[in-house]
Amino acid sequence: MGDDPPRGCAARRPLGSEHPGLGHRGRTLSRRSVMAGGSGMKTRSYAEFCLEVDAAGVVSVEAGELADAPPELLPIAQGLLIDGIAHCAFMWAPPGESIPCRIRVSLSQTGREPTATIAGAWCYELPYGLTLRELDILTLLSIGLPNTEIAARLTLSPRTVTTHVDHVMRKLGVFSRTSAAVIAVDEGFIRVPFPGGEEGFDLLRLGRALRGGASSARASDGPRLVRRPLVIGAALPLRGFVAGDGMEMAHATQLAVDELNDRGGIDGRLVAMEIVDVDILDAASVRHALTTLAERDVDVITSGYFAHQEIAHEIVADSGIPYLHAATMDAMEQRVLADPHRYGRIFQVCPSDSHYAPRFVEVMTELRDQGRWMPSSPRLVIIQSAWDLTNLGIARAAEVADRAGWQLEVIRLMGDSEESWAGVADRIRVSEPGAVMIGHYLVEGTKSFLDRFLTDPSDTLIYSLYAPSVPEFRDLMGGRADGLLWATVTGTYSDPLARAFAAKYRDRFGTNPGRSHAGIAYDRVKVISQAWSQTANPRDRAAVAHELRGVIHRGVNGVYYFGGPSQTALTYPSADVDPSLAQAHLVFQIQGGAQRILGPAPYAETTFVPQPWLTRTRMSAGVARR
C-alpha cells in the first residue's frame with residue numbers, strides 16, 4: 001500500500017551520466033558563467049551543492065540542484081564510497097576552470113547501504129588570498145617536491161617557482177615548506193586533478209583516497225556539510241477563534257523539533273518547520289493551506305482538525321507527501337479503508353470520533369452502578385454539532401444504552417452559533433435528563449451552552465468533549481467550570497513522561513500546555529523522526545510511509561501505532577484492542593481548577609466528585625456521611 005515511486009523525485013541515475021536539474025529546494029543560483037565548450041557556449045552554475053550518492057547512483061540532492069555539481073566529481077565520490085574512505089577534502093579546479101570548488105566527501109552507514117555525501121562551495125576568492133598558480137605550488141609542496149621538480153611539472157622556471165613558494169609561505173604565515181604542506185593537507189588545499197600528473201601523490205592520504213587506498217580519518221575545514229533540512233509542514237490556525245489551540249500545536253511542534261536538532265537532527269540533517277495559517281471552518285482556506293504546503297514540497301504534512309477535512313485528504317493524496325493529521329474523524333478513517341492505494345500515505349494520529357458516544361454511555365453506567373451518581377432520570381441526551389463529517393458513534397451508543405437500561409436521545413443542531421447552543425441548554429434545563437453529552441469540540445459553543453445552563457441548572461450531569469483541554473476554556477469559564485466532566489480520545493497523561501513534557505513546555509513558553517493537542521503535536525514529531533531515522537533515504541516518501549506503518553511510539557498522549565488497515569491510532573478501553581498499542585480514551589474532571597483523570601485504569605488519579613448542581617447525588621452523599 002502506497003509503495004509507488006515518490007512524487008517529485010527523479011529516478012536514480014548512474015554516476016557520470018547525464019544529470020539534469022531536479023528542481024529540489026536549495027540555495028538559489030548565486031552566479032552563472034558562460035564558458036567556451038567543444039560544441040559552442042555552455043552555462044556553468046556556481047551554486048553551492050550537496051549530493052548524497054551510493055554505489056548505484058545519486059540518492060538525493062541536499063542543497064542546490066544536481067546540475068550544479070561538476071559531473072567529474074560523482075565518479076570520485078563513488079570510488080571513495082566503494083573503497084570505504086571515511087573523509088576526503090580537496091579543491092576541485094580542472095584545467096580551464098577559473099573558479100575552484102572546495103569539496104568535502106564524507107561517508108555514512110546509517111541506512112541499509114553506505115552512502116557518501118559530497119558538498120561543494122565555489123571559491124571566488126581562495127583562502128589566505130592564494131592564486132590558482134599558488135594553489136598548484138602548494139599542492140606540489142605537499143608531496144615534498146623541490147623547486148626544480150615543481151618547475152618541471154608546471155613548465156615554469158625555477159626562479160618563478162621560488163618566487164611563488166615565497167609568496168605562499170608569506171600568505172600562510174609559515175617559515176618552512178613542511179609547515180605549508182601540513183596546512184595544505186589538513187585544510188584540504190590540494191588541487192584536483194593533481195597539477196602535473198598523479199605521480200607521487202599516493203604519499204598523501206588524499207592521494208591514497210582518490211586511488212582507493214587508506215582511509216582519511218580527519219574531516220577538513222572545507223565547506224560545512226549543510227544538508228537540506230527535512231521540513232515538517234503544518235497547517236495550523238494562528239488567528240481567529242481557535243488561535244489558542246493552533247499556537248499550542250505550533251509551540252509543541254517547535255519544542256520537539258528543537259529537541260531533535262539539539263541531538264543532531266536526522267543523520268546530520270536538521271529538521272525545520274513551515275507553518276501556513278488556516279481557518280479550520282473555511283473550505284477555501286483549508287484548500288489554500290494544504291495546496292501551499294504541497295507546492296513547497298515539504299517532506300511531511302501535519303495538521304490539527306478541519307471542518308472540511310476531506311479537502312485536505314484529496315490535496316495530500318495528489319501530492320504523495322506523507323500526512324499525519326489529528327482530526328478525530330471516522331469518516332476519514334473510512335476513506336482510507338475504501339481506497340488504500342490513493343490514501344496510503346495518510347495517517348490519523350488519534351482514534352476516531354465514533355468512540356465518543358459509546359464511551360459516554362459506559363462512563364454514565366459505571367458511575368451509576370458504583371453508586372457515585374444518582375441520575376435524576378434514565379434519559380441520556382447527546383447533542384451533536386452541525387459539522388457534517390462528525391460521527392460520534394450514535395448507533396453503537398444506542399445499543400450500549402439499551403443493554404444498560406438507559407433511554408438515549410439525540411439532538412442535532414442545525415447551526416453552531418452561540419444562540420443555537422444557548423437554546424439547546426434551555427431545553428436541557430427544562431427537560432432535565434439524567435446526563436447530557438456536549439458533542440462539540442470548540443470552546444465557543446461549549447461555553448455558550450454552559451453559560452446558559454449554569455444560570456439555573458437542572459439536576460443533569462454535564463459531560464463535554466475536548467474543548468476543556470484548551471487553556472482558553474478554563475480562562476473564560478474560571479471557577480464555574482469546576483466539576484465538569486469531559487473526555488478526549490487523545491489526551492495528555494499525568495505520568496512522569498507527560499509531566500516532563502509539561503515542565504519543558506512551561507519553561508519554554510511560560511504557560512502550561514493543554515491536555516490534548518499540545519501533546520499530539522509534540523508526539524507527532526517524535527513519530528515522524530522515528531520513521532525518518534529508519535529509512536535509508538528520508539526523502540523517499542514511499543519508504544517513509546512504509547516505516548510509519550510499523551512505528552510504535554509511546555508518547556505523552558499514549559501509544560501511536562498505525563499498523564491497521566485504516567492507519568488510525570487505536571483506542572483503549574476496547575474489547576479487541578491491545579492496550580499497549582493504544583491511546584487511552586481519557587475522562588477528566590475539573591476539580592478545584594485542576595484537570596484530574598477519572599479513567600480508565602491504570603491512568604486514573606482521582607474519583608468522581610458530584611457536580612455542584614447534582615442535588616440528588618449530593619443529598620444522598622450527605623445522608624451517607626451522617
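Tutor: Let's start with a term: a residue is buried if its relative accessible area is under 20%, exposed if over 50%, and partly exposed in between (1.4 Å probe, protein chains only). This is a predicted model, where local features need pLDDT of at least 70, side-chain atom pairs count only at pLDDT 80 or more, and totals for chains, interfaces and linings use all residues. Residues are numbered from 1 along each chain as its sequence is written, and side-chain values use heavy atoms, with hydrogens and water left out.

Student: What percentage of the 626 residues in the protein chain is buried?

Tutor: Buried residues account for 56% of them.

Student: How many helices and strands does the protein chain have?

Tutor: Helices (H or I, at least four residues) and strands (E, at least two) are DSSP runs, numbered from the N terminus. Here the chain has 19 helices and 24 strands.

Student: How do I read a sheet, and what is the strand order in the open sheet of six strands?

Tutor: Strands of a sheet pair through backbone hydrogen bonds, either parallel or antiparallel. Two strands count as paired if DSSP finds at least two bridges between them. In this open sheet the order is β4-β3-β7-β6-β5-β8, and the pairing is mixed. At the edges are β4 (58–63) and β8 (191–192), each of which pairs on one side only. Four bridges join β3 (residues 49–53) to β4 in the antiparallel sense. As an example, leucine 51 has valine 61 in β4 as its bridge partner.

Student: Which residues touch the most other members of the largest nonpolar core?

Tutor: A nonpolar core is a set of buried Ala, Val, Leu, Ile, Met, Phe, Trp, Tyr and Cys residues joined through side-chain atoms within 4.5 Å. In the largest one, with 132 residues, they are Leu290, Met364, Phe449, Leu461 and Tyr463. Helix α17 (residues 517–533) gives this core its largest share, nine residues. Domain bounds come from an automatic or database domain assignment; domain 3 (230–350 + 496–556) and domain 4 (354–488 + 593–624) each supply at least three residues to this core. Another core, of 52 residues, lies apart from it and includes Leu74 and Leu135.

Student: Is serine 469 buried or exposed, and what does it touch?

Tutor: Serine 469 lies in the loop between β17 (461–465) and α15 (471–477). Its relative accessible area is 2%, so serine 469 is buried. Contact means heavy atoms within 4.5 Å; not counting residues up to four places away in sequence, serine 469 touches Arg474, Trp486, Gly514, Arg515 and Ser516.
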